[in-house]
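Here is my note on the model below. Please read it with the structure open.

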2 protein chains.
Amino acid sequence: MHMGVAERKERHKEDLKREILDAAKLLFAEKGLEATSIRAIAEKIEYSPATIYLYYKDKNEIVHALHSEGFKLLVSHFEVLNHISHPFERLKGMGRAYIQFALQNPDIYKLIFNMEEPLKHVANCFEEWDEGDRAFDILLKTVGECQKLDYFKDFATEQVSFVIWSTMHGLCTLRTTGHLSHVAAAKASDQDLDQLMSSIFETFVIILEKLKT
Amino acid sequence: MHMGVAERKERHKEDLKREILDAAKLLFAEKGLEATSIRAIAEKIEYSPATIYLYYKDKNEIVHALHSEGFKLLVSHFEVLNHISHPFERLKGMGRAYIQFALQNPDIYKLIFNMEEPLKHVANCFEEWDEGDRAFDILLKTVGECQKLDYFKDFATEQVSFVIWSTMHGLCTLRTTGHLSHVAAAKASDQDLDQLMSSIFETFVIILEKLKT
DNA sequence: AAAGATTATGAACAGTGTTTAGTAAAGTCT
DNA sequence: AGACTTTACTAAACACTGTTCATAATCTTT
């Protein structure tokens, strides 16, 4: 093999992995997770179904790859906020970023937070879920900094962080599963729903603010 | 047909519907939702797979039946608390009942709140989801009563109710999907986790309490 | 051009939800 | 009791699914 060919092939291999992932992501978003078959992914990238198994061991591995990617995206949304010096303002930004992420990528959000399959896979991997821990560490750190400024006084940092995460996660889950729209005034449009979510979030922020002093 | 035969047959038919539902519930709890096949349910009740379709139109209809049943169970957990006259105490009781329900019936909980399939089915049914609305109405009413006693002053009843529901739902979802245990100190036992959940809940209660006056 | 190593696939396996056509049982009527 | 009708049930098939494996096609090296 003359020089560079190995690299080119390696590159092609990576390209194909990406193509598979992109096709999978698209189809998942369109049809949902369970409803997307390996065969459909294969057809989309114009390869045989069996080929996919040369690049990914499992359907789970594909899901897991998207899981991992989605998490990095979320963390990157958080890291943009690092320039905000006031920790409570940063915390608010994180909340908004979290909601935005969930609304813009509802399927990836479900993938990450509402399914246990990829989590089981992660448990056997020992790696990569760092992303998840990291995201929570960022929250912990931010809440800790808030406490130095007399927010959440007399509360344990971890507990408050969990309450915050729970609220955000609950809100996003209720939204993406459609429960919010079912319980809210029946014929609410998507726009109204987003507004409702915003106002719920702002209410939560005010609640947190009242915990100062 | 002599008298009583129609009734007996009707009764048998109802019995079989129940048998199917019970078998399904058991298998769902054991193996999970997707992993339970109609064939497995059929084998458990010692009937042919096709027979099940004489009693339920779909697998979805079975899921929906369990969904409905689970919701009635949750609402009944709430109604027990009606004797508590102080609304905030009742609200606390509801929170604890909600958590207890989620921990004792994790699969039904997931069924009800983390899946959209049965919800879509409900959307075409126009009925039965009353249960869901009713549960939320109970929350709304309780929060409203709390406000008369100067809790959650200057907040919109609906918004506060959504925040509360979100927090409880988020907490339970994080627990049942395993995310809580992944982020919490790695080797936490189930007991430790339940304790953690309790302490998170109590923290939330204290937060709500601080909103008085 | 021949040999060797990758890469891709067609066909099959075991499983799924679901439908249909046909059988066996139960109930009804004379 | 025997014939007829209605009901209850099921075996077999269909169109899917994820996954594997022997085989074929392609590319690399000699």
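1. His179(B) sits in helix 10 of chain B, residues 179–183. Helices here are DSSP runs of H or I with at least four residues, strands are E runs of at least two, and both are numbered from the N terminus. His179(B) counts as buried because its relative accessibility is 0%. Buried means under 20% relative accessible area, exposed over 50%, partly exposed in between (1.4 Å probe, protein chains only).

2. What does the side chain of His179(B) contact? Its side chain and that of Thr177(B) make a polar contact of 2.7 Å. A polar atom of the His179(B) side chain also lies 2.9 Å from the backbone oxygen of Ile112(A). A polar contact is a pair of N or O atoms within 3.5 Å; within protein, one must be able to donate a hydrogen and the other to accept it, and residues adjacent in sequence count only if both atoms are side-chain atoms.

3. The model is predicted: local features need pLDDT of at least 70, side-chain atom pairs count only at pLDDT 80 or more, and totals for chains, interfaces and linings use all residues. Residues are numbered from 1 along each chain as its sequence is written, chains are lettered from A and ligands numbered from 1 in the order written, and side-chain values use heavy atoms, without hydrogens and water.

4. Chain A has 11 helices and 0 strands. Of its 213 residues, 50% are buried.

5. Glu14(A) belongs to helix 1 of chain A. Glu14(A) counts as partly exposed because its relative accessibility is 43%.
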